[in-house]
Amino acid sequence: MSLALEQEQTELQARARRYVEEVLFPLEEKAERREITDDDVARIRSEAMAAELNGGLHAREHGGQGWSKLEWVLVEEQFGRSTNALSWHIPTAYNVLASGSPEQIDRWLRPSLRGEGHDAYAVTEEHAGSDPSGIATTARRRDGGWVIDGEKWFVTSGDIATVYIVVANAEGEGPTLFLVDATLPGISVVDDPPFTHTYPHGHPTIRFEGVEVRDEDVIGGVGEGDALQRAWFTEERIGIAARGVGAMWRLLDEATAWALTREQGGQRIMDFQGVSFPLADSAADAAAGRALTLEVARLADAGADPKIVHAKASMAKLFVSEAAYRCADRAVQVFGGRGYLRTNVAERFLRELRVDRIWEGTSEIQRLIIARALERRGVERTLH
């Protein structure tokens with residue numbers, strides 16, 4: 001899809017691309033071998049901040065860049081071209097923190113955007129994944145505050161977090177979000193399982209036992225957790241789609257270059273339909289996914305009905321996550337034996353893209369959301 005971008009957007013896109021190619025690409029194999037040093041991490045952060053790529057969607061007065069959703073998608077697309085989630089080292093924070101009080105913003109958001117802290121979203125539980133209504137974590141009232149009890153699974157970046165955004169059922173009030181200082185008594189890591197990908201941060205299981213927090217640690221209001229979570233899920237799903245589009249771009253770049261130079265039987269393998277047709281299918285997937293993702297970003301920027309944006313974000317996440325995995329699988333096949341090496345970008349993406357069909361709502365959950373939109377909002381509004 002050809003974009004008519006303003007000059008500042010074009011410059012931002014180019015700046016993000018240079019950063020990814022010059023800073024992140026050279027560190028990918030080192031990251032895969034788990035040889036990234038503190039100096040490497042410091043460089044990733046400092047150069048990102050120098051390029052003004054940190055905290056993209058957050059307001060400038062809070063230390064972010066104040067990007068539109070479209071600008072953010074253009075940058076996330078570039079981040080998605082790199083493997084090993086090296087962009088996770090770039091200072092940022094979840095959108096939930098922007099809904100905080102001035103005290104919460106000063107305490108948690110500003111430091112995170114400076115790279116001096118990290119948040120982690122604690123929502124999933126053993127018996128509550130894609131369906132948050134099953135959450136068993138509780139928050140009981142006490143004088144001037146609350147006591148939180150529960151166990152959260154797959155807490156991304158929970159191993160390095162300075163603050164947990166904990167979803168709990170507040171006594172008599174319903175789902176509520178709490179900002180929980182990671183140093184408080186009663187918090188423990190009960191499991192830190194290994195996962196398929198080689199990413200900088202873990203996804204540990206965190207237990208909260210009698211953790212005491214203040215009324216001032218509620219974010220967004222008691223009983224208002226569902227609204228904040230919906231906005232969080234919508235944004236995360238758009239981000240997954242944008243990065244998946246970037247991954248397909250990189251995969252097609254690498255696999256096409258290989259197919260144009262690798263020969264078998266005196267012919268370029270690109271001349272065999274068994275190679276060129278899968279690449280063509282992936283190119284069509286990438287173009288369609290990019291168009292859909294950009295359209296969702298534009299709708300969000302235009303202030304469209306949040307329920308329509310929510311449904312379309314699910315469409316983008318569903319389509320791109322499924323398509324990107326197909327693209328990675330095809331690219332591995334194009335590379336043949338070399339595609340099975342962990343030093344090959346296609347192999348890394350094959351492992352890394354698989355989770356995009358699971359986290360922030362499985363593909364099946366996205367289909368449910370889209371189907372409900374067809375029923376409640378109608379076909380025309382859902383499609384157009």
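User: Why does Arg 207 count as partly exposed?

Analyst: This is a predicted model, in which local features need pLDDT of at least 70 and side-chain atom pairs count only at pLDDT 80 or more, while totals for chains, interfaces and linings use all residues. Residues are numbered from 1 along each chain as its sequence is written, and side-chain values use heavy atoms, with hydrogens and water left out. Buried means under 20% relative accessible area and exposed over 50%, with partly exposed in between (1.4 Å probe, protein chains only); Arg 207 has 31% relative accessibility, so the residue counts as partly exposed.

User: What makes Arg 207 and Glu 151 a salt bridge?

Analyst: The term requires a side-chain nitrogen of Lys or Arg within 4 Å of a carboxyl oxygen of Asp or Glu, and the closest N and O atoms of Arg 207 and Glu 151 are 2.6 Å apart. Because Arg 207 lies in strand β7 (residues 205-214) and Glu 151 in strand β3 (residues 145-152), the pair ties together parts that are 56 residues apart in sequence. Strands here are DSSP runs (E, at least two residues) and helices likewise (H or I, at least four), numbered from the N terminus.

User: Why is Asp 285, the salt-bridge partner of Arg 330, called buried or exposed?

Analyst: Asp 285 has a relative accessible area of 12%, and is therefore buried. Its salt bridge with Arg 330 has its closest N and O atoms 3.5 Å apart.
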